[in-house]
Amino acid sequence: MNRKLLLIVAIVLAFNFTACKPTIDYLGNAYAPTSNVEIYFDPQDIQRSYKIMGKMENSGNPGELDRAQAVQAVMLEKAKSVGADAILFSGLPREKWLSDSSETSVEKDENKKTVTKTNRVNTVKIYEANLLKYTD
């Protein structure tokens with residue numbers, strides 16, 4: 001029983017160490033780093049004049065985290081490093097296909113044989129955002 005528990009703990013820890021933080025792809029201008037970046041989800045909420053200085057999204061590589069909070073945190077750090085004043089997120093994430101996989105298992109009993117086939121589609125969520133530089 002203790003070996004099973006140790007194995008489960010080891011698997012969980014291994015998953016936590018292999019799940020990488022999101023990688024952010026950025027295309028745009030860079031300015032002096034900023035320390036305060038505002039976050040918006042609707043352009044109507046922005047009360048200042050601005051220009052779009054660049055666009056970014058998480059790359060969605062296999063093994064990277066794609067949870068909204070993790071992606072948002074990494075995007076915020078990227079925005080600060082390139083001198084953005086604000087981030088305008090572009091709605092809900094889109095799904096990026098990574099791979100398909102299938103698994104077949106066979107269970108034999110005294111009187112019968114059961115075949116189970118499981119199909120999986122591996123996807124990742126891609127979040128997009130515009131980086132804004134205030135012009136007023």
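This note goes through selected side-chain pairings and positions in a predicted model.

1. Aromatic pair. One aromatic pair turns up in a search of the whole structure. Its members are Phe41 and Phe89, which are stacked, with 5.4 Å from centre to centre and 20 degrees between the planes. Phe41 belongs to the loop between strand 2 (38–40) and strand 3 (50–58), and Phe89 to strand 4 (residues 86–89), so the pair ties together parts that are 48 residues apart in sequence.

2. Phe41 has a relative accessible area of 55% and is exposed. Phe89, at 8% relative accessibility, is buried. The cut-offs are over 50% for exposed and under 20% for buried, so the stacked pair of Phe41 and Phe89 has one member in each class.

3. Salt bridges in general. Side chains of opposite charge can pair when their charged atoms come close. The whole structure contains five salt bridges by the search made here.

4. Arg48 and its partners. Arg48 and Asp136 form a salt bridge, with 3.2 Å between the closest N and O atoms. This pair links distant parts of the chain, 88 residues apart: Asp136 is in the segment after strand 7 (128–134), and Arg48 is in the loop between strand 2 and strand 3. Asp136 is exposed, at 56% relative accessibility, while Arg48 is partly exposed, at 39%.

5. Glu57 and Arg94. A salt bridge joins the side chains of Glu57 and Arg94, at 3.4 Å from N to O. Here too distant parts of the chain are linked, with Glu57 in strand 3 and Arg94 in strand 5 (residues 94–108), 37 residues apart. Glu57 is partly exposed, with a relative accessible area of 24%, and Arg94 is partly exposed, with 38%. The pair belongs to a network of salt bridges in which Glu57, Arg94 and Glu128 are linked.

6. Lys80 and Glu77. The side chains of Lys80 and Glu77 meet in a salt bridge of 3.8 Å, N to O. Lys80 counts as partly exposed at 22% relative accessibility, and Glu77 counts as partly exposed at 48%.

7. Tyr31. This residue is in the loop between strand 1 (24–28) and strand 2. Tyr31 is partly exposed, at 29% relative accessibility. Neighbours within four places in sequence aside, Tyr31 is in contact with Lys51, Met53, Ser81, Val82, Gly83 and Lys133. With Lys51 there is a polar contact between side chains, at 3.0 Å. Ser81 is 50 residues from Tyr31 in sequence, and the C-alpha atoms of the two are 8.4 Å apart in space.

8. Asn122. Strand 6 (residues 113–126) holds Asn122, which is partly exposed at 30% relative accessibility. Asn122 and Ser101 are 21 residues apart along the chain, with 7.8 Å between their C-alpha atoms.

Conventions
Residues are numbered from 1 along each chain as its sequence is written. This is a predicted model: local features need pLDDT of at least 70, side-chain atom pairs count only at pLDDT 80 or more; totals for chains, interfaces and linings use all residues. Side-chain values use heavy atoms; hydrogens and water are left out. Rings of Phe, Tyr and Trp (its six-membered ring) pair if their centres lie within 6.5 Å; planes under 30 degrees apart count as stacked, over 60 as edge-to-face and the rest as tilted. Helices (H or I, at least four residues) and strands (E, at least two) are DSSP runs, numbered from the N terminus. Buried means under 20% relative accessible area, exposed over 50%, partly exposed in between (1.4 Å probe, protein chains only). Contact means heavy atoms within 4.5 Å. A polar contact is a pair of N or O atoms within 3.5 Å; within protein, one must be able to donate a hydrogen and the other to accept it, and residues adjacent in sequence count only if both atoms are side-chain atoms. A salt bridge is a side-chain nitrogen of Lys or Arg within 4 Å of a carboxyl oxygen of Asp or Glu.
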